[in-house]
Amino acid sequence: AQKDAVVAQRGSPSSRHKGRSSRWSADRRKQKTRRMTPMFCPLPASRLRLKGNATAAFADPAFARAYGRQAAQQIQAQRQMLEIVGIRRAEDRVMAGLIAGLLEGSIVEFAARLQLSHEATYRALRKLVQDGRVMNPSRGIYHLHP
């Protein structure tokens, strides 16, 4: 079996969801796994394959602490993103993204980070502004109400 192999569920045309083929589902799962942010994977120093004597750097306590701190921050950020993306309602997901400070750049980039369509993101932002939970001082700028 290949590492990158994706298994698609097969079935009769009537059993497929909304007429989508099993190939679409397999492609979608493959696409989602490719989009994931690479995470830090701790390995024992003996298994690190680095040029020179880079493993000696871990003997320095300051370097080891900084490295561990950065790894912990990456893991926490990835867990936070997984939690936000797991929220079902677009309005709630957009609000969680705003609270987490993910709105950097355009709304389209924000929507991609949240794994929403930009249309759904714009609708959710408009609803949040109408409800008074978010301010929209100018086009493309959104702030949480204090």
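Which residue forms a salt bridge with Asp131? The partner is Lys127, and the closest N and O atoms are 3.1 Å apart. A salt bridge is taken as a side-chain nitrogen of Lys or Arg within 4 Å of a carboxyl oxygen of Asp or Glu. The model is predicted: local features need pLDDT of at least 70, side-chain atom pairs count only at pLDDT 80 or more, and totals for chains, interfaces and linings use all residues. Residues are numbered from 1 along each chain as its sequence is written, and side-chain values use heavy atoms, with hydrogens and water left out.

Four salt bridges were found in the whole structure. Arg89, Glu91, Asp92 and Arg133 are linked in a network of such bridges. Within it, Arg89 meets Glu91 at 3.3 Å (N to O) and Asp92 at 3.2 Å. Glu91 is buried, because its relative accessibility is 13% (buried means under 20% relative accessible area, exposed over 50%, partly exposed in between; 1.4 Å probe, protein chains only). Arg89 is partly exposed at 47%, as is Asp92 at 30%.

Helix α3 spans residues 90–99, and seven of its ten residues are buried (helices are DSSP runs of H or I, at least four residues, and strands of E, at least two, numbered from the N terminus). The buried residues pack against α2, α4, α5, β1 and β2. One of them is Val94, which counts as buried because its relative accessibility is 0%. Val94 is in contact (heavy atoms within 4.5 Å) with residues including Phe110, Leu114 and Leu128. The C-alpha atoms of Val94 and Leu114 are separated by 7.3 Å. Just after α3, Gly101 takes a positive phi of about 80°.

How values were computed: Lists of a residue's contacts leave out its neighbours within four places in sequence.
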